[in-house]
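Please look over the sequence and structure below before reading on.

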Amino acid sequence: MTHEEHHAAKTLGIGKAIAVLTSGGDAQGMNAAVRSTVRIGLIQGNRVLVVHDGFEGLAKGQIEEAGWSYVGGWTGQGGSKLGTKRTLPKKSFEQISANITKFNIQGLVIIGGFEAYTGGLELMEGRKQFDELCIPFVVIPATVSNNVPGSDFSVGADTALNTICTTCDRIKQSAA
């Protein structure tokens, strides 16, 4: 590989393994967020890994590589096709660190609500003990409750609000 090719590969992120997981309760739009993450990651030349069952799945090694068609048709489906648990990562740092090394994970996208936020904080605390946790990660707020600190809006909150309004309108019409 020439110097120019190496620089281009570093700039484009080619070869980086990015993992994506959903955490906390199911929310509308989680699948769309996973789909976008997978496809944008692939477009940028990265390997994208999906983690089943949140942080628990990351600890258990429930990880697989996702291609373009893996997430086909996910946009309109509610909940999380990857599965989501409310389990936090703190009790599983050793297993999570081992799997980060095993799967060569170089970045993590966490999609979810308050548990995703709390899990991200725990991973940051774990960096003191486990060097493997010193990877970049991002939390994408996705919760009906819209209760993720530091964020104004969550994926799924607008859909829930629209559903509530539609249901209230139907009840009102039915009563009339």
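The model is predicted. The protein chain has 176 residues, of which 42% count as buried. Its secondary structure comes to six helices and five strands, and along the sequence these follow the pattern α-β-α-β-α-β-α-β-α-β-α.

**Overall**

- Taking contacts between residues at least 6 apart in sequence, 74% join residues at least 24 apart.
- The accessible surface of the chain is about 9600 Å². Carbon and sulfur atoms account for 55% of that surface.

**Helix α2**

- Helix α2 covers residues 30-43, which makes 14 residues. From first C-alpha to last it reaches 20 Å, close to the 20 Å expected at 1.5 Å a residue.
- Its buried residues are Met30, Asn31, Ala33, Val34, Thr37, Val38, Arg39 and Gly41.
- An α-helix has 3.6 residues a turn, so residues three or four places apart point the same way.
- Which strands do the buried residues of α2 pack against? They pack against β1 (17-23), β2 (47-51), β3 (63-66), β4 (107-112) and β5 (137-141).
- Glycine 41 lies in helix α2. Glycine 41 counts as buried because its relative accessibility is 9%, under the 20% cut-off.
- Leaving out residues up to four places away in sequence, glycine 41 touches Asn46 and Val48.
- Glycine 41 and isoleucine 18 are 23 residues apart along the chain, and their C-alpha atoms are separated by 7.4 Å.
- Glycine 45 follows α2 and has a positive phi, near 90°.

**Valine 20 in strand β1**

- Valine 20 is placed in strand β1. Is valine 20 buried or exposed? Valine 20 is buried, because its relative accessible area is 0%.
- Apart from residues up to four places away in sequence, valine 20 touches Val34, Thr37, Val38, Val48, Leu49, Val50, Val51, Leu82, Val109 and Ile111.

**Helix α5**

- Helix α5 runs over residues 114-126, a total of 13 residues. At 1.5 Å a residue α5 should span 18 Å, and its end C-alpha atoms are 18 Å apart, which agrees.
- In α5 the buried residues are Glu115, Ala116, Thr118, Gly119, Gly120, Glu122, Leu123 and Gly126.
- What do the buried residues of α5 pack against? Their partners are β1, α3 (54-60), α4 (93-102), β4 and β5.
- Strands β1, β4 and β5 are among the elements packed against by the buried residues of α5, and the buried residues of α2 pack against these strands as well.

**Loop residues**

- Most residues other than glycine have a negative phi, and most peptide bonds are trans.
- Aspartate 53, in the loop between β2 and α3, has a positive phi near 65°.
- Asparagine 104 also has a positive phi, near 55°. Asparagine 104 is in the loop between α4 and β4.
- Asparagine 104 is partly exposed because its relative accessible area is 41%, which falls between the 20% and 50% limits.
- Serine 69 is found in the loop between β3 and α4. Serine 69 counts as exposed because its relative accessible area is 65%, over the 50% limit.
- Serine 69 and arginine 35 are 34 residues apart in sequence, and their C-alpha atoms are 9.7 Å apart in space.

**Cavity**

- How many cavities of 30 Å³ or more are there? The count is one. About 40 Å³ of space lies in the largest cavity.
- The largest cavity is lined by Leu58, Ile96, Ile100, Leu108, Leu123, Leu133, Ile135 and Phe137.
- By class, the lining holds eight nonpolar, no polar and no charged residues.
- Leu123 is one of the lining residues and is also one of the buried residues of α5.

Key:
Residues are numbered from 1 along each chain as its sequence is written. This is a predicted model: local features need pLDDT of at least 70, side-chain atom pairs count only at pLDDT 80 or more; totals for chains, interfaces and linings use all residues. Side-chain values use heavy atoms; hydrogens and water are left out. On a 1 Å grid over the protein atoms alone, a cavity is a set of points where a 1.4 Å probe fits but cannot get out, and a pocket is an open set with protein on both sides within 12 Å along at least five of seven lines; lining residues have an atom within 4 Å of a point. Grid points are joined across faces, edges and corners, and a volume is the space filled by probe spheres set on the points. Ala, Val, Leu, Ile, Met, Phe, Trp, Tyr, Cys and Pro count as nonpolar, Asp, Glu, Lys and Arg as charged, and the others, Gly among them, as polar. Helices (H or I, at least four residues) and strands (E, at least two) are DSSP runs, numbered from the N terminus. Buried means under 20% relative accessible area, exposed over 50%, partly exposed in between (1.4 Å probe, protein chains only). Contact means heavy atoms within 4.5 Å. Accessible areas come from the Shrake-Rupley method with a 1.4 Å probe; for residues, only the protein chains shown count as cover. The expected span of a helix is 1.5 Å times one less than its number of residues.
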